[in-house]
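Here are some notes to read alongside the model, written for someone new to protein structures. Please keep the viewer open and find each residue as you go.

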Amino acid sequence: MKKTAFIIACLLTAGTMFADNHWVGTWGTAPQLVENNNNPPSPGLGNNSLRQIVQVSMGGDKVRLKLTNEFSSGSTVIKSVELALAKTSGSSSEIDETSTVSLTFNGSPSVTMAAGGKAVSDPIAFSIGDRANVAITIHYGTASSTSVSGHPGSRTTSYLKSGNTTDFSGATKTDHWYNILSLEVEAPEEAGAVAILGNSITDGRGSTTNQQNRWADVLSRRLLSNEATRQVGVLNMGIGGNCVLGGGLGPAAVNRYQRDLLGQEGVKWIILFEAVNDLGYTGNGVQTAKRIIEVYKQIIREAHQKGIYVFGGTITPFKNSSYYSADHEKGRSTINKWIRTTKMLDGVIDFDLAVQNPQDPEALQQEFLFENDWLHLNAKGYETMGGCVDLSLFTKTDPLAADDEEDDYGEALWIEAESLRTGSMGTAFGLVSDASASQGKYLLTATQTSSAAPTNNAYMLTCKFNATTSNTYYVYARVKCPTWDDDSYWVSIDAPLQNFANGLQTDSWDWKTLCSGYLNEGEHTLTIAGREDGACLDKLCITTNTEPPTGMGGTSVPASIIHLQKPVTGTSSSCDSYSLGGYRQSAKHSSGAQIVVCRSEDGSVVSRKVLVRP
């Protein structure tokens, strides 16, 4: 009996030990639709075998593999998949045959990924050490070689051979990855991963093929050799040619961060280090920088909701490259200043300072140049970048940083769009919850009314405001209008709806001008109606400021105050004026937006007005 009790006790203890284990990404890559010139070479994937080598970060004894077909236009049939320890980091296809394990997917050796789908293998015992090289051998059934999901910038050689084979002697070589997405290990609860958002500098252009010496690899080795951080996995989510806002190679960062950062297993930290391609092609460096900062803020807010720390990496110099201009440099400086000073980030990694030329800080040190393009770094430069990261960032126990910054736009009238949706007005708009929207909600135009302005109150939003002097006023809206055919609103001030604001297209939240005009002192009515379905309206700003706001904007006024009440003649004995922040002001001399409260002799409120004073 004693022996049995002891065994049961041990089993219970073991169960407790493993109950807190979780999956953590140890290797991963950001997929895209592979460009034509990077598609699989002959003989192609269909009915053939492909061996791909990856070097993991943190080791483990149980693993699972994720495959992707996200960008493929047709199904991809996988007959079987094996894992084995590779003898090199990519320079050969050789493996340790005795380490080979066969994967299953819901108990079957085969799996079919539909177009846009993915597959997750069943967990399997497979011991890998820190920075181990793992060979992933896929035997394909039906598979396209012209519409392929993959990662072109592998900097690692893959081996393609005809038929269903494990003999890759004489195989066709290609330095790209196809269909593989991530490798995860079962790890203790204290273990976690850092996911890095980046472009070609993170992806490793300038590093050495098959030597795994990107800056993220350097960081991984340092983390693993440090006792306090040896259970940190590193996930390189860089895509060469990628942009934050759009227009580059692969899905824009604003569209992929939820998949590549927040969607990774076991992520506890994020590094944001992407902007140079946006800046290199922009027509306005500072404006583009501000839009990138807003995307960064959006990522930070959503990451903090999940308890994830976010670190900012300063953008490295690019003077003398084709990207450089004085205007583009202003954009880089704007982003780097924000990264170094904002209270929203949980830490700063100053890549710029680490690799800049001390005599010419807008340029890289010459010894770090790759092919003299003055943009990408060589292996020595990446060693320096990976070496400049403060490892104590990954032992932080401090509370998460701020989720927003104080607004420095100046006083203005801020209105939450959803506050204008009442029992009789705006009911045709959809009310959508979204963590990236101001106060977590926005209005979605659900019905197309582009042929003529609507006359039904269900499609309209109205608010009244007072202009205390005659001046030019601007109405800005925080909108998200992903395509050209959902980027407009009907809008008017003090007139029937017949004009519309068009060309508001933006695939991330951004402030756009709805209308502007000269208004006489006094009361005015703003009317907005949906025009094209799919447009998203978050917040409004009425101001004399000629520059649109940024971020979430300022503190919104409740709808009950926006809808102005008429003064009660002959009963008011005093009027106090307050700023929107609640501070008492002089109604005659203070500028900006104010709430004017008029009271009767008994102290009861007889009117409230919102005044916009330049």
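1. Is Ser99 buried or exposed? Ser99 is buried, because its relative accessible area is 13%; here buried means under 20% relative accessible area, exposed over 50%, and partly exposed in between, with a 1.4 Å probe and protein chains only. Before you go further, note that this is a predicted model, in which local features need pLDDT of at least 70, side-chain atom pairs count only at pLDDT 80 or more, and totals for chains, interfaces and linings use all residues. Residues are numbered from 1 along each chain as its sequence is written, and side-chain values use heavy atoms, with hydrogens and water left out.

2. Let us stay with Ser99 and look at its surroundings. Ser99 is found in the loop between strand 5 (76–85) and strand 6 (101–102). Leaving aside neighbours within four places in sequence, Ser99 is in contact (heavy atoms within 4.5 Å) with Leu83, Ala84, Leu85 and Phe126. A polar atom of the Ser99 side chain lies 2.9 Å from the backbone nitrogen of Leu85.

3. Now the overall view. The protein has 10 helices and 36 strands; these are DSSP runs numbered from the N terminus, helices being H or I with at least four residues and strands E with at least two. Of its 614 residues, 56% count as buried. Among contacts between residues at least 6 apart in sequence, 78% join residues at least 24 apart.

4. Since 9 of its 11 residues are buried, strand 27 is largely enclosed by the rest of the structure.

5. With 7 of its 8 residues buried, strand 15 is largely enclosed by the rest of the structure. Strand 1 runs antiparallel to strand 15 and is joined to it by 6 bridges, with Glu184 of strand 15 as the bridge partner of Gly25. Strand 4 (residues 60–68) is antiparallel to strand 15 too, through 5 bridges, and Leu67 stands opposite Ile180. As background, strands of a sheet pair through backbone hydrogen bonds, either parallel or antiparallel.

6. Strand 2 is joined to strand 11 (residues 149–151) by 2 bridges, and the bridge partner of Gln32 in strand 11 is Gly150.

7. On a 1 Å grid over the protein atoms alone, a cavity is a set of points where a 1.4 Å probe fits but cannot get out, and lining residues have an atom within 4 Å of a point. Grid points are joined across faces, edges and corners, and a volume is the space filled by probe spheres set on the points.

8. The largest cavity has a volume of about 200 Å³. Of the 23 residues that line it, the closest to its centre are Trp27, Gly28, Arg214, Asp217 and Asn236. Strand 1 (22–28), strand 3 (48–55), helix 3 (215–225) and strand 17 (232–238) each give two or more residues to this lining.

9. The second largest cavity holds about 60 Å³ of space. Helix 6 (285–305) and strand 30 (506–519) each supply at least two lining residues, and the largest share, 5 residues, comes from helix 6.

10. Finally, find Thr202 in helix 2 (residues 200–203). Thr202 counts as buried because its relative accessibility is 0%. Beyond neighbours within four places in sequence, its contacts include Arg214 and Asn236.

Methods. On a 1 Å grid over the protein atoms alone, a cavity is a set of points where a 1.4 Å probe fits but cannot get out, and a pocket is an open set with protein on both sides within 12 Å along at least five of seven lines; lining residues have an atom within 4 Å of a point. A polar contact is a pair of N or O atoms within 3.5 Å; within protein, one must be able to donate a hydrogen and the other to accept it, and residues adjacent in sequence count only if both atoms are side-chain atoms. Two strands pair if DSSP finds at least two bridges between them.
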